[in-house]
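The stops below run in order.

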Amino acid sequence: MRRSGIGHETLIKRKAEEELENYRRKIHLRNQTEEKAADQFRLRLKNKKEELKLEGDLKRSQRACHQLDTQKDIQVPKEPWYWFMPEKEEQEDEEEKGEKEQEEDEYGGEELSVLEKLQILTRYLREEHRYCIWCGTTYEDEEDLSLNCPGPTSADHD
């Protein structure tokens with residue numbers, strides 16, 4: 001027989017239940033933290049994928065712009081970044097940094113995001129060349145473009 005007072009077993013039982021509840025809370029918090037980390041990881045992957053898609057669309061637009069401008073005998077792009085020049089890209093990046101400190105372009109001199117560049121270039125291609133990068137088509141005129149192209153964004157073409 002054990003030598004413990006009245007209610008000792010109840011106390012031990014209550015402490016065990018409290019420890020079990022604390023353990024369950026810790027597990028629940030750990031699971032929530034892991035779920036949140038997994039969600040953040042998935043979001044980062046999704047954002048990276050979207051960013052890569054935008055960069056790809058911009059490069060395709062730059063190549064198309066270069067080709068269409070050249071066909072119209074335009075020797076110099078409206079803005080340096082309108083044309084994609086892979087072999088000069090690193091040199092231009094260094095030169096552009098110096099130039100940006102000295103002068104501002106028509107967009108305020110601040111660095112444009114890939115999305116902003118894509119939107120500006122898409123507008124230029126549609127207005128100047130009646131070309132849609134996502135349709136891959138040069139249209140006859142504004143009416144043909146507005147009737148047959150779903151819109152000026154990639155989402156319009158999904």
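Start by selecting residues 13-51. This span is 100% helix and 0% strand, and its end C-alpha atoms lie 57 Å apart. Helices here are DSSP runs of H or I, at least four residues, and strands are E runs of at least two, numbered from the N terminus. An unreviewed UniProt entry lists residues 13-51 as "coiled-coil region"; such annotations may be inferred rather than shown by experiment, and the positions follow the numbering used here, with feature names shortened.

Some ground rules. The model is predicted, so local features need pLDDT of at least 70 and side-chain atom pairs count only at pLDDT 80 or more, while totals for chains, interfaces and linings use all residues. Residues are numbered from 1 along each chain as its sequence is written, and side-chain values use heavy atoms, leaving out hydrogens and water.

**Stop 1: a pair on helix 1.** Select Asp39 and Arg42. They form a salt bridge, with the closest N and O atoms 2.5 Å apart. The term means a side-chain nitrogen of Lys or Arg within 4 Å of a carboxyl oxygen of Asp or Glu. Both residues lie in helix 1, 3 residues apart, about one turn of the helix. Asp39 is partly exposed, at 44% relative accessible area. (Buried is under 20%, exposed over 50%, partly exposed in between, with a 1.4 Å probe and protein chains only.) The whole structure holds 7 salt bridges.

Stop 2: Now select Glu128 and Lys72. Their salt bridge has its closest N and O atoms 3.9 Å apart. It links distant parts of the chain: Glu128 is in helix 3, Lys72 in the loop between helix 1 and helix 2, 56 residues apart.

**Stop 3: the core.** Select Cys65, Trp81, Tyr82, Leu121, Leu125 and Tyr131. Of the 21 residues in the largest nonpolar core, these touch the most other members. Helix 1 (8-71), helix 3 (114-128) and strand 1 (131-132) each give two or more residues to this core. Helix 3 supplies the largest share, 5 residues. A nonpolar core is a set of buried Ala, Val, Leu, Ile, Met, Phe, Trp, Tyr and Cys residues joined through side-chain atoms within 4.5 Å. Zoom in on Leu125. Beyond four places in sequence, Leu125 touches Ser61, Cys65, Leu68, Arg130 and Tyr131. Contact means heavy atoms within 4.5 Å.

Stop 4: Is His129 buried or exposed? His129 is buried, because its relative accessible area is 5%. Its side chain makes a polar contact with that of Asp69, at 2.6 Å. (A polar contact is a pair of N or O atoms within 3.5 Å; within protein, one must be able to donate a hydrogen and the other to accept it, and residues adjacent in sequence count only if both atoms are side-chain atoms.) Arg130 is in this loop too. Arg130 has a positive phi of about 50° although it is not a glycine. Most residues other than glycine have a negative phi.

**Stop 5: helix 4.** Select Asp144, which is found in helix 4. Asp144 is buried yet has no salt bridge; the nearest side chain of opposite charge, Arg130, is 7.3 Å away. For charge, Lys and Arg count as positive and Asp and Glu as negative; His and the chain ends are not counted. A polar atom of the Asp144 side chain lies 2.9 Å from the backbone nitrogen of Glu140.
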